[in-house]
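Me: I would like to go through this protein by question and reply. Please show the sequence and the structure.

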Amino acid sequence: MNVDNVKEVRFDNGFRVLLYERRGLPVVASVLWYLVGARDERHAESGVSHFLEHMMFKGTARLRKGEIDLLTSKMGGANNAFTDNDETVYHFALASDRWETALEIEADRMRGCLLDPHEFAAEKAVVLEELAMGEDDPWRMLHQAAESLAFQVHPYRQPVIGWKQDLERLTHDGMRSYYDRNYGPNRAFLVVVGDIDSARTEDRVRELFGGLPAVAAAREACLSEPQQKGERRAVQRFPGRLSRAAVALRTCRIGEDDDLALDVANQILGSGRTSRLYRRMVQGDALATDVQTHNETRLDPGLFWMEFELKPGADRDRAEAALRQEVEAFMQRGPTAAELRRAHTQIDAALQFDEESTMDLAIKIGRFEAGVPGGHRALADLAQRYRAVDARRVRDVMARYFVPDHWNVVWSLPTEEEHTASQKRRVPARKKATRKKSTRKKPTRKRAARVGQTRQAGRRRQAGR
């Protein structure tokens, strides 16, 4: 994209707006990006960012509960929101002859959300139910365990949706305090993309947001995660008959040169059926039903993930050894010329696909503005920077982050296996156990769903309304 077409306006209260005229279709995407997420939650506040996201749809002095969604529906548009580790994002897609209603809604609730105590109590039950539903997702629980292992100090160790204990004891006054110190024009920026007139839009944004008072609290720096000095391992149990594993390695910040090299490594190592790990562990050794990697960099150093689901009856130690062998071989020899060309082509296609719709482009601009050094202007030479990643840089970045002492390995093992082993232990030595043929229907295997949003070649997990 041509970043020179992005008009940036800054207001005295700290608010910013990025405007991008795109006249092909009569639609407008507006995305309000709050620079506050799970990383900003203090002790015993986990989950409040996501909970507050829910409450932002529950009314203001001007808008009754449900009216935001009702207005959007009547105008034939769409709205939603998501909370991530580093940000909370609210977005609207509307026709260009009525889209300014989204601005009015966002300006109204930025400092004027009611946070009604009765709605707070009712919505707390909804959020706790959402958390409970997540506990039925083996991959979410596996990722949560791995993050808590990889981060010992940094708030990235807590889930975006929060810990149940913190949510249960969160008070209405506690949420009000969090809202008052974090939601304001100096902690947010707006991206507007589509069939707009930039001058008119700037005037309207200034009228609605320019007079809002800034919040006193600046974004706090997080404690730096200490260097990991040895491999960490954990085991959890989950209902079912399948074993799964996740490996997490701490890496770098989003947008850094190492991040781009890790994206290239991700494409070659574990993205798709042509990847090295898939060909070895699924097609070759038949140890896994699926294996994937993804590079999840963040505002503060993030994680590179390797994960697989074990084929029933396959040996766990052999599967983990196969993964380690492929990683070691990749570290030693790096990618082939053909692998590198394919990775560059795939990433270039993903970058273009990210700009296909008006909303995709607005999210892309916002993602870079929020987290990448240089903000949205880093998009100007992003494709060229990816193409400059050669085999040597891939080897260097692998050698830096994939050392054995930096591995965090979590296995999710079936509770049935534990139960069977326990039953065997209880059989008296003098009596031989008899086995009965099981009449239980074998469960249908489904691909695990993971919450996430595409960023270039990687995925970012998030909680949504």
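Notes on the fold

Me: In which loop does Ala216 lie?
Reply: Helices (H or I, at least four residues) and strands (E, at least two) are DSSP runs, numbered from the N terminus. On that numbering, Ala216 is found in the loop between α8 (198-209) and β7. This is a predicted model, in which local features need pLDDT of at least 70 and side-chain atom pairs count only at pLDDT 80 or more, while totals for chains, interfaces and linings use all residues. Residues are numbered from 1 along each chain as its sequence is written, and side-chain values use heavy atoms, with hydrogens and water left out.

Me: Is Ala216 buried or exposed?
Reply: Buried means under 20% relative accessible area, exposed over 50%, and partly exposed in between (1.4 Å probe, protein chains only). Ala216 has 84% relative accessibility, so the residue counts as exposed.

Me: What average pLDDT does the protein have?
Reply: pLDDT is the predictor's confidence in each residue, from 0 to 100. A score of at least 70 is reached by 90% of the residues, and the protein average is 91. Over residues 421-461 the pLDDT is below 50. The average for the protein is a pLDDT of 91.

Me: Which residue of β10 is the bridge partner of Arg244?
Reply: β8 runs antiparallel to β10, with seven bridges between them. β8 also pairs with β11 in the antiparallel sense, over five bridges, where Ala248 has Asn408 as its partner. In β10, the partner of Arg244 is Glu309.

Me: Why is β8 described as largely enclosed by the rest of the structure?
Reply: In a regular strand the side chains alternate between the two faces of the sheet. Arg244, Ala246, Ala248 and Arg250 point one way from β8, Ala245, Val247 and Leu249 point the other way, and all are buried. β8 is largely enclosed because the buried residues number seven of the seven.

Me: Which residues touch the most other members of the largest nonpolar core?
Reply: A nonpolar core is a set of buried Ala, Val, Leu, Ile, Met, Phe, Trp, Tyr and Cys residues joined through side-chain atoms within 4.5 Å. The largest has 68 residues, and a second, separate core of 48 residues includes Phe15 and Leu167. Contact means heavy atoms within 4.5 Å, and beyond four places in sequence Phe308 has contacts including Trp139, Met281 and Trp411. The residues that touch the most other members are Met306, Phe308 and Phe402.

Me: Why is Cys222 too far from the closest cysteine sulfur for a bond?
Reply: A disulfide is a pair of cysteine sulfur atoms within 2.5 Å, and a search of the whole structure finds zero. The closest cysteine sulfur to that of Cys222 is in Cys252, too far for a bond because the distance is 17 Å.

Me: Which helices do the buried residues of α7 pack against?
Reply: Helix α7 covers residues 172-182, and its buried residues include Met175, Tyr178 and Tyr179. The buried residues of α7 pack against α1 (48-55), α3 (100-112) and α4 (117-134).

Terms used: Two strands pair if DSSP finds at least two bridges between them.
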